[in-house]
Amino acid sequence: KSFLESGGFLQGVSLEVLIRAAGYIVLSLVVGLLLYWLYRKTYSGVVYSRSFAASLVGMTVLTCAIIVTIQSNMVLSLGMVGALSIVRYRTAVKDPMDLLYLFWAVASGIAVGAGMFYIAIFVLIVMAVLLLILKRRKGPRDEMYILLVHYTGDGMDEAIRRALGTSPYKVKSKTLRKHDVEMAVEVRDKRSGTGFVDALRNLNGIQDVSLVQYSGDYID
């Protein structure tokens, strides 16, 4: 009752309010673009999604716009809460890093929209330094491959081991059929080369060789 009697919901729009709101939106756009660049720079998955990276920019700006709207008008803020409460998102996020960037974009938009842009900038600097440092620690020695070999004949296991040379490897699975054998080997190549594939191809008894780079996490 006291709020209604005070007329707090009848807040007018002045030039100062418009300039401040425009400044917040522009700043959120800058932060979103930096998130876009950082996501592209540190992405380590299999297929890069440009639409997801672009959505980080839009999410930062839209979140900032929501916060600015809530601050400028109490009635609109109540309607905004009711409208957002019925929205449901069903998109599955497969990579935990994508979820991190989503929360990061939302948090940055909230911070900028609330006028605490220094928090958004400080978090951006800290997270950027952290992610870039962690990315640089992964060098050529961290190249991991899954090697699939189909072969026939006896004594091929020893020949395959010799072809792998000094590359650390681990046999993950071995399927024995009537006439041939399928073996999956996890190979870590510190020299960032795949010369052992040509050595395997030249062996007698090798039917086919498949090499797939593994970009997931592994433990030494």
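In which helix is T42 found? T42 is found in helix α2, residues 15-42, where helices (H or I, at least four residues) and strands (E, at least two) are DSSP runs numbered from the N terminus. The model is a predicted one, in which local features need pLDDT of at least 70 and side-chain atom pairs count only at pLDDT 80 or more, while totals for chains, interfaces and linings use all residues. Residues are numbered from 1 along each chain as its sequence is written, and side-chain values use heavy atoms, with hydrogens and water left out.

T42 counts as buried because its relative accessibility is 14%; buried means under 20% relative accessible area, exposed over 50% and partly exposed in between (1.4 Å probe, protein chains only). Leaving aside neighbours within four places in sequence, T42 is in contact (heavy atoms within 4.5 Å) with Y101, L131, L132 and K135.

| Partner of the T42 side chain | Distance |
|---|---|
| Side chain of Y101 (polar contact) | 2.8 Å |

A polar contact is a pair of N or O atoms within 3.5 Å; within protein, one must be able to donate a hydrogen and the other to accept it, and residues adjacent in sequence count only if both atoms are side-chain atoms.

Elsewhere, Y118 lies in helix α6, residues 117-136, and is exposed, with a relative accessible area of 51%. Taken as a whole, the chain has 8 helices and 4 strands, and of its 220 residues 30% count as buried.
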